[in-house]
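Reader: I would like to know what stands behind the terms used for this model. Please set each value against its rule.

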Amino acid sequence: MNNRNKVTQDNQKHPRYGMVVDLDKCTGCGTCSLACAVENNQQPATPDMTNRTGNTWMRMYKVHNGKPFPDSRAVFVPMFCQQCDDTPCLYVCPQNAVELDPMTGIVAQIPERCFGCRYCMAACPYESRYFNWWDPVWPEGMEKTLNPDVSPRMRGVVEKCNFCHGRWQRARAKAASEGRRELREDEYIPACVECCPTEALTFGNLDDPKSKIAKLVDDPNIFKILGRLGTKPKVYYRTTRSWVRNAVDRNIYSETKETVHG
Amino acid sequence: MDKKLIVRGVTRMEFKKFITYLIPWFILLGIGLYAMYLVFRYGLNHTNMDNRFAFGLWIYFDLAIIALGAGAFFTGLLLYVFKRHEFKSVINSAVVIGFICYSGAIAALVVDVGQPLRAWFTLYRPNAHSMLAEVTFCLSLYLTVLAVEYVPIVMKNRKLKQLPSFLVFEFKLHKVMPLLAGVGALLSFFHQGSLGGMFGVLNGQPFAFRETVLVFPSTFFLFVLSAIAAGPSFILLTTWLVSKISGKRLVTKDVLMSLGKISGILLIIYVFFKSIDSLVWLNKTSPAVGFSAADHYGFAPFGIWILSLEIILLGLVPGLILINKKLRARTSWLLTGAVLACAGVALNRFVTTIQTLSLPTLPFADFLTYTPTWEETAIFLMVIAYGVILYSFSFRYLPLFPQERELHTK
Amino acid sequence: MSKRFNRRDVMKIVGGGIAGMVFTPIPWKLIDDLSIWTQNWSWIPVPLKGDINYKYSICTICSAGCPVRARNVGTQPVSLWGIKNHPVNNGALCPLGFGGHHLAFHPARLRHPVKIVHEKNKISTEKVSCADIISLIRKNIESKQTPQTGNLIAMLDDRPGRTVSYAYRAFLAQIPNGTYITTGTDETDSMQGLYEILGTENQEYGFNIEKARTIVSFGAPLLEGWGIPGRMMHARKNGCRILQVETRFSHTASVADRWLPVKPGTEAVFALGLANVLINENLIDTDKLSYQSANFDKELKNYKECIAGYTPAYVAGRTGIKEELIREIAREMTTETPSLVICGREPAAGPFSREEQIAIWGLNFLLGNIGPGNLIVPRRSVPAGASFSETKLASVKKISDLPDHSIRVLMIDEAESGHAIPWQLIERKLVADNPLVISMSPYLAGMTKRADYVIPAPTQYESCQDIPPSFDSQTATYAVSAPFYTPPENVIQPTEFLNRLAEDIGIEKTNGSYTDMIKERTAEIYEKKRGWIYIPHNGRLIETADVFTGQQFWSHLNNGGYWIDEPLEQADNYSISLFGISHDRGSFEKALRQIDKSYPSENTTYPLALVPFGWRGVVDSGPVTPLITKLYQETEFRKGTNRALIHPETGGFSRLRDGAQTTIVTDSGELQVRIEFNDSVMPGVVHVALGPDQDSITGVKEVRIKENILSVCSLKDNGTWRMTPARIGTV
């Protein structure tokens with residue numbers, strides 16, 4: 001299978017896209033969730049859908065510091081596919097429906113190959129994979145508002161964030177038409193990054209030392225959620241507050257688990 | 001007609017009574033088929049599985065019955081390869097049970113996946129790294145082996161035996177039986193192992209993730225061990241149960257004891273390795289990624305008791321019962337040991353599937369619980385009903401227990 | 001070879017063929033095709049194909065008026081985006097705005113005038129003609145009503161200042177008993193206390209949020225949708241500190257720099273406590289303030305005496321905030337400067353009373369925030385346009401100021417303020433016998449479900465609409481929301497409906513179409529040649545004076561341009577009154593005592609304080625994009641309707657379980673809710689969520705009038721319902 005995942009030797013350096021989420025800037029407005037749903041043609045909920053069977057590639061969590069009134073504080077954590085370099089979901093998929101694109105470093109989910117065994121969902125520690133428990137149905141007429149760059153998925157397959165693959169293709173086509181092989185930094189950004197009103201999300205090529213994100217990643221307040229699992233996510237989080245770091249990550253080995261609510 | 005089909009030299013209940021006894025099972029089968037229609041037509045939203053509980057009752061059930069069905073390949077291995085001829089008296093029954101367990105598991109899997117029509121993609125373009133691809137290959141091939149093993153039993157039917165060409169065919173099949181048993185054992189070894197490996201490789205789930213031993217995660221070997229330990233116990237139990245229900249003596253007691261002994265020895269070995277594995281996991285593997293025992297056993301109802309229960313009460317205890325010759329000789333102890341052994345492997349599969357998924361891995365996720373819907377339960381019961389019906393017919397018309405005739409005439 | 005080809009051979013061939021087939025690609029190809037074709041049911045959508053182009057317009061979902069850039073396939077918008085670096089909102093768009101283009105296809109959409117038949121707790125619709133509705137209104141206008149039974153012909157408009165608002169007022173001025181009303185539940189109402197202090201009726205003020213270093217917010221959902229959301233977000237990004245005075249652990253409170261959870265109903269007391277510290281610790285710049293207003297010294301002396309009782313010790317006891325913290329906050333307001341105090345309100349919990357507003361806004365005066373160049377700046381009003389400058393207009397009234405049972409005919413303009421409106425607020429003003437309620441709404445949802453008739457109006461991006469400045473804007477602004485869609489056939493523009501009605505009852509019609517009226521308004525703005533116009537296509541600000549013709553100015557606006565006025569250098573003279581112009585010290589003190597007494601209630605039957613909560617734009621009656629389920633149902637990131645949050649200790653007291661279904665009982669009735677334990681809730685308080693009801697998300701086949709928490713809140717005569725004594729019953 002691995003021929004598919006190897007780049008032909010073209011001596012070209014390919015970007016490795018990643019994202020930084022600044023938890024100190026996020027205000028929990030939820031715009032990214034909606035923009036993501038619109039961009040990627042996620043269907044609206046059926047009446048009996050719950051918070052465990054929905055389809056929210058970009059999911060907002062409200063994470064508490066665990067202290068009761070009046071000392072409660074909370075932080076909003078946008079959670080989406082962490083685009084792991086050591087990809088737990090890729091290794092487990094029996095029919096190659098998950099691929100790590102060597103051109104971009106993006107973990108792609110190919111719905112046409114997926115037969116819905118959901119093994120990848122069990123493998124993902126970030127709960128960022130979503131199964132289509134229902135047929136994708138839009139209210140009558142509203143299917144006209146679907147993004148033409150992204151096919152709606154069928155029932156019974158798994159899907160997840162792919163850093164707005166449709167946008168990457170669009171940007172590439174545009175660059176190609178101008179005779180360029182490489183994309184400019186601002187040319188391709190996912191929908192959530194574009195819409196974030198507090199600029200809490202930064203997207204870019206981690207391997208390009210000149211990029212904004214590469215500088216951000218050097219910040220000492222940067223961390224990866226569940227980084228110790230060794231899945232090597234390409235999504236980083238940032239906070240200067242220690243309680244946030246403790247509530248969001250498991251960087252401190254504690255005997256007593258602080259209870260937190262989603 | 002019915003009379004003519006029944007195995008020569010044994011008696012079976014009246015046909016009418018037989019059918020009456022099967023009616024409840026046919027009803028269960030019918031309800032299950034309707035539930036299956038609902039799932040195929042409207043999708044898996046008819047289950048209570050969700051994005052976190054990606055696996056539910058069905059996968060647990062699959063893992064459990066495949067473990068218990070291991071008796072089929074293991075008895076075959078003992079009989080044909082290790083020439084333990086005392087198991088000739090249960091091999092036919094074991095093959096039928098194996099066939100039921102595996103075909104039932106595959107039926108449940110077909111409902112469980114979102115797009116069953118695409119399941120063959122795995123065979124066509126597999127991901128060699130995936131434990132599930134390995135499971136799919138071994139499972140489908142081993143089911144074929146079991147079907148081939150089933151055929152000679154069917155051909156031993158009084159009526160079918162009268163066809164000369166069938167007789168020849170059966171004879172020929174018999175010659176390849178040791179080969180099939182060997183192949184079956186190999187396949188089984190790999191799929192039991194890869195079912196365990198499926199969870200042991202999940203480096204994203206510290207509760208399931210295990211150290212690697214010879215390429216495979218430790219659960220690979222533990223699953224094989226626990227399956228072959230519980231398999232004979234399950235054969236023992238079913239044989240005893242069938243004998244109780246039919247009111248016939250089917251095998252001599254020493255066969256059952258011998259099954260129990262093998263179970264016991266293997267259980268002790270299993271418990272030994274399982275304990276080492278648990279200790280390594282709790283003290284090395286899991287803490288290395290930031291998860292303490294409290295993170296795994298700090299959520300009610302899954303306290304540390306569940307691990308103790310699995311290893312001591314449902315592992316060590318039945319093991320000790322079954323290796324003790326005196327205890328083994330008494331039917332009640334023999335059965336207790338076998339029941340505990342089977343319960344132990346069932347609990348192990350439960351912990352592996354359900355507890356893994358209910359525990360939060362994300363620091364801010366919740367502990368979740370899951371209850372199956374009626375559709376899930378109905379399909380689960382349907383598979384059981386299918387097993388009961390298929391076994392009942394096999395028992396009625398096929399010589400599942402060759403010893404029965406002599407025991408009957410005695 | 002003599003052997004004949006018999007039946008067995010045929011079977012062998014067929015059987016062999018079938019067996020052999022498995023080893024050919026044929027069955028696999030068939031299964032593959034089947035698996036592909038089973039994805040192509042008629043209900044599986046296919047996106048449109050066509051040319052991609054971009055258009056600019058303005059979102060009209062709420063009064064903020066955020067500029068949008070629509071990505072279109074042909075003429076069909078497929079997504080909306082903010083415009084980066086836009087001077088009005090910095091390119092932010094709220095989640096609801098992202099789904100603006102879905103609303104035209106909303107399942108609750110009405111495409112024909114209908115009569116609503118009210119059955120018990122359920123409604124159904126019958127098609128009627130527009131003429132039927134008109135003649136009914138005419139009959140009601142013409143019938144001679146005795147004053148006792150009520151005779152007002154009212155138009156409810158919750159977004160005043162639009163051109164259509166002027167058209168309504170012009171129409172109502174012409175008919176006897178014509179009354180133009182607002183609900184007084186929108187954000188503009190929160191400004192009234194400020195205007196009372198300043199004693200100005202016609203001078204508008206806005207906020208220079210960008211300049212503030214600290215904002216002390218009294219219940220304003222600053223980071224969730226307040227004013228123009230993008231401005232606050234931008235300020236936050238640039239490090240603006242937020243001190244949130246709010247009982248509930250709201251999203252804003254949870255990420256604010258400080259959360260000051262005052263007991264419900266004690267916000268004003270807390271504000272007076274801060275004022276007390278500011279004055280007594282001499283933290284205010286008296287020289288600067290006396291320069292700003294002539295009567296300052298006298299006022300301050302009076303005010304100081306009035307609030308002398310609100311010592312930090314006393315206020316700490318009332319509000320539950322520690323004495324030392326109160327002092328600390330007051331000092332912080334004068335060190336982390338400039339600091340702005342905002343009197344907001346929870347979108348579902350309703351506005352503060354006028355007196356509370358005065359108490360809160362008063363802090364701004366003490367901090368010296370008012371006046372050009374400061375944080376609260378005067379701005380010009382946007383002219384109404386030539387068609388209305390000469391016409392007589394009905395005055396603007398607040399619905400709670402009308403006597404009960406006085407409205408005979410109520411017409412509702414369904415443009416939403418985004419804030420909750422309890423139906424009792426309106427219902428108690430309607431005559432008891434057969435009031436006629438007509439809603440001009442695109443949807444059968446929310447308040448429209450209470451109406452008798454509905455005139456289907458065009459929805460977002462279906463007609464030309466104008467955007468007056470948001471209440472928080474520091475200068476006058478004006479923009480035009482250009483349509484993307486043509487409205488369905490039977491949809492009637494409210495002004496068109498008014499014209500038909502005017503024709504029927506024989507009064508003067510408006511000039512031309514609605515678009516023409518808006519055009520006239522822009523012409524008047526253009527004539528002043530002030531300010532700039534922002535062109536979204538190239539991101540440039542052009543001086544209005546540099547635009548050659550009025551036609552060109554209109555064309556800029558009609559293509560997503562945004563007109564921004566110059567700051568007002570000199571405001572009208574004001575004479576400050578810290579008690580508000582409608583109060584003297586005596587009546588203000590009395591009102592304060594009244595407020596102070598409201599919590600904790602000594603009522604033992606209803607020991608809990610019920611405070612509803614919700615999200616701007618969702619708690620009102622309008623439909624929302626079905627994708628809003630991503631934040632509600634699919635994640636529970638925001639709490640859905642009738643979810644009751646309660647501290648576990650409060651719950652333990654009543655022996656409740658988490659997740660239990662129970663009832664909330666108040667004097668006004670009872671409501672089924674689901675309990676959710678949350679230890680961030682103040683003990684003794686129950687917060688009940690007002691989310692989008694199912695009709696507003698996806699529409700339902702059977703339209704029901706669902707009771708929500710507002711129906712059990714006790715509505716006071718001044719139109720507020722911030723807190724209700726309640727208890728939790730068991731089912």
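Reader: What makes S1, S2 and S3 of chain C an open sheet, and in which order do they run?
Author: In this predicted model, the three strands lie in the order S1-S2-S3 with antiparallel pairing. A strand is a DSSP run of E with at least two residues, a helix is a run of H or I with at least four, and both are numbered from the N terminus. Two strands pair if DSSP finds at least two bridges between them. Strand S1 (52-58) and strand S3 (76-81) of chain C each have a single partner strand, so one side of each has no neighbour in the sheet. Neighbouring strands are turned by 30° against each other on average, direction ignored; axes are lines fitted to C-alpha atoms, for helices over the stretch in contact, and angles run from 0 to 180 degrees between N-to-C directions.

Reader: How do you know that S1(C) and S2(C) pair?
Author: S1(C) and strand S2 (residues 67-73) of chain C share seven bridges in the antiparallel sense, and the rule asks for at least two, so they count as paired. C:Ile52 stands opposite C:Val73 in S2(C).

Reader: What makes chain A and chain C count as touching?
Author: Contact means heavy atoms within 4.5 Å, and 66 residues of chain A meet that rule with 66 residues of chain C. About 5400 Å² is buried between the two chains, 64% of it from carbon and sulfur atoms. Buried area is the accessible area (1.4 Å probe) that two parts lose on being put together, summed over both. On the chain A side, A:Leu34, A:Phe69 and A:Pro148 lose the most area to chain C, together 13% of what that side buries.

Reader: Why is the pair C:Lys237 and A:Glu199 called a salt bridge?
Author: The term needs a side-chain nitrogen of Lys or Arg within 4 Å of a carboxyl oxygen of Asp or Glu. The closest N and O atoms of C:Lys237 and A:Glu199 are 3.1 Å apart, so the pair qualifies. Between chain A and chain C the count is two.

Reader: What makes C:Arg327 and C:Glu281 a salt bridge that links distant parts of the chain?
Author: Their N to O distance is 3.2 Å, and the limit is 4 Å, so the pair counts. C:Arg327 is in helix H13 (residues 323-335) of chain C, while C:Glu281 is in the loop between helix H9 (267-280) and helix H10 (286-292), 46 residues apart. Over all chains the count comes to 67 salt bridges.

Reader: How many residues do chain B and chain C bring into contact, and how many salt bridges?
Author: Six residues of chain B are in contact with eight of chain C, and the salt bridge count is zero. The two chains bury about 610 Å² between them, 67% of it on carbon and sulfur atoms.

Reader: Which conventions apply throughout?
Author: Residues are numbered from 1 along each chain as its sequence is written, and chains are lettered from A and ligands numbered from 1 in the order in which they are written. As the model is predicted, local features need pLDDT of at least 70 and side-chain atom pairs count only at pLDDT 80 or more, while totals for chains, interfaces and linings use all residues; side-chain values use heavy atoms, with hydrogens and water left out.
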